[in-house]
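I am keeping these entries as a record of what I looked up, in the order in which I looked. Each entry begins from a place in the chain or from the fold as a whole.

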Amino acid sequence: MNTVYIREMYPDDIPEIVSIEKLSFSTPWSETSFRSEIYSRYSVTRVAELNGVIVGYICVKHVADECHLLDLAVHPDYRRRGIARALLDNVIQELRIEGCRFFYLEVRSSNYAARKLYEKFGFNMVGIRKGYYVNPAEDAVIMMMEL
Ligand SMILES: CC(C)(COP(=O)(O)OP(=O)(O)OC[C@H]1O[C@@H](n2cnc3c(N)ncnc32)[C@H](O)[C@@H]1OP(=O)(O)O)[C@@H](O)C(=O)NCCC(=O)NCCS
């Protein structure tokens, strides 16, 4: 079966997640970062499974009526199959239940794929953070969507 299954993230998932993280980012999160998100009561963490294998994940932090995308990646072999869309759809439902109204994120200005994904969801650019990223140095585009 090729249906993508979205479920909560658990500590046992972390090694698989970190291997995707390393393939996806120049400054990847550590195992400890994922562990602290899993245990935080202010975080929503999800993985996408395809045939029992983790192929993507998302972490979002929420406080009062605001939430912030912390991490989102899909394994390079499984991109352009709607997996990021399924992860975002899932967390947005949960964030609405949590009472979030404003969903913020930062994205590298050169990250065309992610910017397109967010635009498609209805995120709009609301600012630029100069020199926000390192390795390589780059500005962040700040985007926001009203839930
Ligand atoms: C960005 C990322 C998460 C997208 O994951 P994905 O599962 O491939 O995305 P989806 O298949 O759900 O794409 C949904 C829509 O986003 C847009 N999109 C996604 N990848 C795109 C690309 N490479 N080029 C143009 N548009 C793209 C399209 O509009 C797409 O819809 P379509 O396929 O019907 O045209 C993935 O490329 C990734 O993991 N990149 C590395 C990590 C990263 O940059 N994370 C975001 C940090 S802010």
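**Entry 1: aspartate 71**

In which strand is the place of aspartate 71? I find aspartate 71 in strand β4, which covers residues 66-74; strands here are DSSP runs of E of at least two residues and helices are DSSP runs of H or I of at least four, both numbered from the N terminus. Before going further I note that this is a predicted model, in which local features need pLDDT of at least 70 and side-chain atom pairs count only at pLDDT 80 or more, while totals for chains, interfaces and linings use all residues. Residues are numbered from 1 along each chain as its sequence is written.

Is aspartate 71 buried or exposed, or in between? Aspartate 71 counts as partly exposed because it has 19 C-beta neighbours inside 10 Å; a residue is buried with 20 or more other C-beta atoms within 10 Å of its own, exposed with 12 or fewer, and partly exposed in between, the C-beta atoms being placed from the backbone. Setting aside neighbours within four places in sequence, I list Trp29, Ile58 and Cys59 as the contacts of aspartate 71, where contact requires C-beta atoms, placed from the backbone, within 7 Å. For isoleucine 58, which is 13 residues from aspartate 71 along the chain, the C-alpha separation is 5.5 Å.

**Entry 2: glutamate 49**

I then turned to glutamate 49, which is in strand β2 and counts as partly exposed, with 18 C-beta neighbours inside 10 Å. Not counting residues up to four places away in sequence, glutamate 49 touches Tyr5, Arg7, Ile54 and Val55. Tyrosine 5 is 44 residues from glutamate 49 along the chain, yet their C-alpha atoms are separated by 5.1 Å.

**Entry 3: the whole protein**

How many helices and strands does the protein have? I count four helices and seven strands, and along the sequence they follow the pattern β-α-α-β-β-β-α-β-α-β-β. The C-alpha trace spans about 40 × 35 × 30 Å along its principal axes.

I compared the radius of gyration, taken over C-alpha atoms, with the globule rule of 2.2 Å times the number of residues to the power 0.38. For 147 residues a compact globule would have a radius near 15 Å, and the protein, with 15 Å, agrees. Of the 147 residues, 27% count as buried. Among contacts between residues at least 6 apart in sequence, 56% join residues at least 24 apart.

**Entry 4: helices α1 and α2**

Two packed helices are described by the angle between their axes and the distance between the axes. For helix α1 (residues 14-24) and helix α2 (residues 31-39), the axes come within 10 Å and cross at roughly 125°; the axes are lines fitted to C-alpha atoms over the stretch in contact, and angles run from 0 to 180 degrees between N-to-C directions. That makes α1 oblique to α2, since angles under 35 degrees count as roughly parallel, over 145 as roughly antiparallel, 65 to 115 as roughly perpendicular and the rest as oblique.

Which residues make the contact? I find Ile14, Ile17 and Val18 on α1, with Glu31, Phe34 and Arg35 on α2. By class, the contact has four nonpolar, no polar and two charged residues; Ala, Val, Leu, Ile, Met, Phe, Trp, Tyr, Cys and Pro count as nonpolar, Asp, Glu, Lys and Arg as charged, and the others, Gly among them, as polar.

**Entry 5: backbone at two loops**

Most residues other than glycine have a negative phi, and most peptide bonds are trans. Asparagine 51 lies in the loop between β2 (43-50) and β3 (53-63) and is exposed, with 10 other C-beta atoms within 10 Å.

Asparagine 135 also has a positive phi, near 55°, and its place is in the loop between β6 and β7. With 8 C-beta neighbours inside 10 Å, asparagine 135 counts as exposed. A cis peptide bond, with omega about 0°, joins asparagine 135 to proline 136, and proline 136 is in the loop between β6 (124-133) and β7 (138-146).

**Entry 6: leucine 117**

Glutamate 138 is 21 residues from leucine 117 along the chain, and their C-alpha atoms are separated by 20 Å.

Definitions and conventions:
Two residues are in contact if their C-beta atoms, placed from the backbone, lie within 7 Å.
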